[in-house]
Amino acid sequence: MPRVSVIVPTIEEESVFGLVRSLRKALGKDAEIIIVDKSSEKYYRRLKSTGATVLRQHDRGVEKAIMQGLRHAHGEILASIDADETHDVSGIVDGIRMIGNGKADLVLGNRMNDIEDGAMGAYLKVGNFGLSWLFSKLYGTDVHDVLTGLFVMRREAFEKIRDIDPYRAGIAFFAIELAKLGYRVREVDIRYYKRRLGTSKLTRSKFIYGVNVASHLVRQLRDYSPLLIFGGLGVIAGVIGLLIGFGVLVNFLNTGTFTQTGRALLAFMLVVLGFLLIVAGLILDMLLEIEKKLTKR
Ligand SMILES: Nc1nc2c(ncn2[C@@H]2O[C@H](COP(=O)(O)OP(=O)(O)OP(=O)(O)O)[C@@H](O)[C@H]2O)c(=O)[nH]1
Ligand SMILES: [Mg+2]
């Protein structure tokens, strides 16, 4: 069994040949390199000549390509890197070390502290910052680059998500699914280089792609942390109810007559609703914890 398998998703990336050489240099010749290719027949033959395993992808999407490669991999540790030579392969070496030391289950390559001039536009930086912040807050981690193209993963963690059909969120898909199961998502700093060859393959609109990632972050959370959602709504309903009730009480004390029956009823119903929502959140959260423990086992 190779110690590490690296998945390289590609659509006609000329840089992939240089990348395979860099990977062999950094990881040794025993590393398993799996290229998941959605290029032409001619490209496919050229890719085969690198000596790496080459799988053809018949559906679409980088996350599906990576999943296809992971399902085929034999390594004890699994990794992935974009084919366009924009991510420093040293991130895989550092990630393997972190997983080996037992410090993480998924390590993301964080590009945000070392970006070559012109490699990432301002709006992508802002979008990535926002999505990474949202991910960190929702899933209780502290990462800064969920849209990265480099990760290293513990095999045991992967086995728990291998049957999931990936949704369109890039590497954030893997981060969300593992965080949901309670696996530790960490990061290592890497240098991010400018794309030197070819054009972008990921999506026609990075803005729409980003909105999609955000919607997945929240949609997945609905199942993940019912206490946060139900509890939050419960607290809001309860506080509004108490405020209305307080107003009714003040009015009664000032006038000496009880006239605001409708308001009093509304306040009472909101407080009861808030209480029930919090209880529902607690119960669902407890059930989810039990399910997580059973899945991990
Ligand atoms: N097999 C496969 N590879 C893909 C697919 N979409 C993107 N890729 C590859 O995934 C990697 C990331 O795509 P990029 O086009 O570099 O995305 P990006 O880094 O956001 O865009 P740039 O900043 O322009 O490089 C590259 O190696 C692509 O060739 C896909 O549907 N299938
Ligand atoms: Mg790229």
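**Salt bridges, a pocket and a ligand**

D37 is buried, with a relative accessible area of 0%. Buried means under 20% relative accessible area, exposed means over 50%, and partly exposed is in between, with a 1.4 Å probe and protein chains only. The model is predicted, so local features need pLDDT of at least 70 and side-chain atom pairs pLDDT 80 or more, while totals for chains, interfaces and linings use all residues. Residues are numbered from 1 along each chain as its sequence is written, chains are lettered from A and ligands numbered from 1 in the order in which they are written, and side-chain values use heavy atoms, without hydrogens and water.

What does D37 pair with? D37 forms a salt bridge with R56. The closest N and O atoms of D37 and R56 are 3.3 Å apart. R56 is partly exposed, with a relative accessible area of 22%. A salt bridge here is a side-chain nitrogen of Lys or Arg within 4 Å of a carboxyl oxygen of Asp or Glu. By this rule there are 18 salt bridges. Helices (H or I, at least four residues) and strands (E, at least two) are DSSP runs, numbered from the N terminus.

Another salt bridge joins D105 and R154, with the closest N and O atoms 2.9 Å apart. The pair links distant parts of the chain, 49 residues apart. D105 sits in the loop between α4 (90–100) and β5 (106–110), and R154 sits in strand β6 (residues 150–154). D105 is buried, at 6% relative accessible area.

E159 and R162 also meet through their side chains, in a salt bridge of 3.1 Å, N to O. E159 is partly exposed, with a relative accessible area of 32%. R162 is partly exposed as well, at 23%. Salt bridges can also share partners: E13, D84, R195 and K201 are joined into one network in this way.

Those four names return around the ligand. Which residues are closest to ligand 1? They are E13, Q57, D84, R195 and K201, among 20 residues that surround it. A residue counts as near a molecule or strand if one of its heavy atoms lies within 4 Å of it. Some atoms can be picked out. An N or O atom in the side chain of R195 is 2.8 Å from an oxygen atom of ligand 1. The backbone takes part too. A backbone N or O atom of G61 lies 2.8 Å from an oxygen atom of ligand 1. For V36, a backbone N or O atom lies 3.1 Å from a nitrogen atom of ligand 1.

Next come the open spaces. Rolling a probe the size of a water molecule over the atoms shows where empty space is left. The largest pocket has a volume of about 980 Å³. It is lined by 47 residues, and D82, L147, L202, K206 and Y209 are the closest to its centre. The elements that give two or more residues to this lining are β1 (4–10), α3 (62–72), α5 (122–139), α7 (171–180) and α8 (206–224). Which element gives the most? α8 does, with six residues.

The pocket terms rest on a 1 Å grid over the protein atoms alone: a cavity is a set of points where a 1.4 Å probe fits but cannot get out, a pocket is an open set with protein on both sides within 12 Å along at least five of seven lines, and lining residues have an atom within 4 Å of a point. Points are joined across faces, edges and corners, and the volume is the space filled by probe spheres set on them.

Two loop residues have positive phi values. Phi of E12 is near 45 degrees, though E12 is not a glycine. E12 is in the loop between β1 and α1 (16–27), and counts as partly exposed at 32% relative accessibility. E85, also not a glycine, has a phi of about 55 degrees. Its place is the loop between β4 (77–81) and α4. E85 is partly exposed, at 34%.

N110 is in strand β5 and is buried, at 2% relative accessible area. A polar contact of 3.1 Å joins the side chains of N110 and D189. A polar contact is a pair of N or O atoms within 3.5 Å; within protein, one must be able to donate a hydrogen and the other to accept it, and residues adjacent in sequence count only if both atoms are side-chain atoms. V188 lies in strand β7 (residues 185–189) and is buried, at 9%. V188 and V107 are 81 residues apart in sequence, with their C-alpha atoms 6.8 Å apart in space.
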